[in-house]
2 protein chains.
Amino acid sequence: MPAPRIAVLAGGVGGARFVRGVRHHARAAWPDGAGGSTASITVIANTGDDLWLAGLRVTPDLDSLLYALAGVNDTVRGWGRAGESERVSGELTAYGVGWPWFTLGDLDLGTHIARTALLHEGRPLSEVVARLSARWPLGIRLLPATDAEVETHVLVHEDGVARELHFEEWWVRTRASLPAEAFLQPGAERARPAPGVEAAIAEADVVLIAPSNPVVSIGTILGIPGIREALAATAAPVVGVSPIIGGSAVRGMADACLHAIGVETSAAAVARHYGARSVGGLLDGWLVDRRDAADVEALGAAGIPARAVPLWMHDDERSAAIAAEALDLAAAR
Amino acid sequence: MPAPRIAVLAGGVGGARFVRGVRHHARAAWPDGAGGSTASITVIANTGDDLWLAGLRVTPDLDSLLYALAGVNDTVRGWGRAGESERVSGELTAYGVGWPWFTLGDLDLGTHIARTALLHEGRPLSEVVARLSARWPLGIRLLPATDAEVETHVLVHEDGVARELHFEEWWVRTRASLPAEAFLQPGAERARPAPGVEAAIAEADVVLIAPSNPVVSIGTILGIPGIREALAATAAPVVGVSPIIGGSAVRGMADACLHAIGVETSAAAVARHYGARSVGGLLDGWLVDRRDAADVEALGAAGIPARAVPLWMHDDERSAAIAAEALDLAAAR
């Protein structure tokens, strides 16, 4: 197989682990002789979690991807920068500015300040991401799903009052403890995919769906008009990796999100939610964990060729093996 | 003498030392029984050094005043916060954002982020300053000279090319080494004094001019339409303290600024530049250092009653003694 062009739809931390695996596999399978790969990898990242906080534009998923791909992420804590400190945050709290429950590390703030400065110069987010990414040799092109400020809101009742919270407030402050009644993306209908997104999907040899939150990560990307159409039109096979293992989310609180849209927390239910491509859905293939091997046959019968493999992404080697399985399943279409 | 209402025109670091002295003296002369003073002190601060840097609004003189009055300033380095670190700045440099020669400390950045967030909410600078000041019991009301973004620019020739630099770029990057051909304040003619500034001058029992840069600190304040008029109209005596001792600037590079406007670097020349109030100028009195005692008589003959006292502000006690002399000279009008 010649070095492929790979497009990956991804959310934050889980997406980053998977994308590191894709890169790791590509470097081994299609080496460029200098430690990199001749394969071309484009990541289309969720921007629905983005928010304005203390006057700064924060893009949690893009940052998780950037830091993990740069190798400067905090692998113990699971998010943010390694060796982080919170001196600036302490000042903001003392001045009563920002959200005291939303921690902004000092190194992380450097990224937010740089991003915000570039945005205020009038640059679109995609250009800002390219500029920030250029600091490190990522070996991957990182694209926001859209340059538009389309943020995910969550309808909840808090203390008996209906409220519309920013996703991050619901996720971080309430730890998703308030039942989500609906997820909204105000303005999504007027958004367009960022430059390069549709072309990356159209020109891909394979499209992968990372094991990210199907509702607020992948679902948000798919909610940008034009992206679902590009996925339907591409000649490339589209293969997803289940974020659910044995009825539980691998990370995060995906069950709280799936419940809100009436989807069961299971690998098979998420695959059916995405749908078989042969009947207008998204998927040409689906990887489930070995624990969910019993679902493989029924999914196949429903038009979604599935395969059961170990899905826990303990390290780059395991993530790379998952990526290799996904590419193999795509090639088998 | 009953507890007076004192208005002080001030720049940054030197102004802050002087204002600490005014407060120190007031606490001793008009104690409120709780460690404070029944005197009312309003500081009208220069905003000409303010700048947008990396998308953040930085107000150097207001910050020098705020930190010094709060007792959190770095007294060794002479500027910024005590116990400062520069982790965020390192990130900005790595991303290529901002001015690498303009150091933004982490604690200091907390202030800039908070200020910028409040400004982006649509609050005027004076309200933002009040909000940030409320963090500490300053015992002093801090006012920006204006809410308008009037920044001081410097006309220079650099490498043979005429350029208009922001004052901070000229001051910090070039260390004022490029001869200043002129100081400009684009937009000053449309600016108005911040709310409270004109009233503070009108209702003052005494107005003091801190030993700050006569051109780019005090001169910039006086360049805001309405402030010079308020000073001319107030019933209060106006007494200044010389920032020049024995032909040298006490701090900073005031000579480079004075030269540009054709004023000699001497205590007497600065007094004459401000002018005697009796002939339409600013001053009812002028404090010079003992080294400049020879100028006292001629200044008096020129309508500016002067007095020679030790002007080095080594500590709050010395600064308080200078403030007491200034108030005494004012009372003698």
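**The interface of chain A and chain B**

Tutor: In this predicted model, 12 residue pairs are in polar contact between chain A and chain B, both residues of a pair being at pLDDT 80 or more. On the side of chain A that touches chain B, the elements giving two or more residues are α2 (60–70), α3 (87–95), α4 (106–120) and α5 (125–133) of chain A. Of these, α4(A) provides the largest share, with 10 residues. By residue type, this side of chain A divides into 17 nonpolar, seven polar and seven charged residues.

Charged side chains also meet across the interface, where the rule finds six salt bridges. One of the salt bridges joins the side chains of A:Glu84 and B:Arg87, at 4.0 Å from N to O.

As to extent, 31 residues of chain A are in contact with 31 residues of chain B. The area buried between the two chains is about 2500 Å², and carbon and sulfur atoms give 63% of it. Three residues, A:Arg87, A:Tyr95 and A:Ile113, supply 29% of the area that chain A buries against chain B, more than any other three residues.

The arrangement of the chains may be considered last. Chain A is superposed on chain B by a rotation of 180° with 0.0 Å of shift along its axis, at an RMSD of 0.0 Å. That is the relation of a two-fold axis. Within chain A, the C-alpha nearest the axis belongs to A:Asp106 and is 3.8 Å from it. Both copies use the same surface, as 100% of the contact residues of chain A recur in chain B.

Technical notes. Residues numbered from 1 in each chain as written. Chains lettered and ligands numbered in written order. Predicted model: local features only at pLDDT ≥ 70, side-chain atom pairs only at ≥ 80, totals over all residues. Heavy atoms only, no water. Contact = heavy atoms within 4.5 Å. Buried area = accessible area lost by both parts, 1.4 Å probe. Polar contact = N/O pair within 3.5 Å; in protein donor to acceptor, adjacent residues only side chain to side chain. Helix = DSSP H or I, 4+ residues; strand = E, 2+ residues; numbered from the N terminus. Nonpolar A, V, L, I, M, F, W, Y, C, P; charged D, E, K, R; others polar. Least-squares fit on C-alpha atoms with pLDDT ≥ 70 in both.
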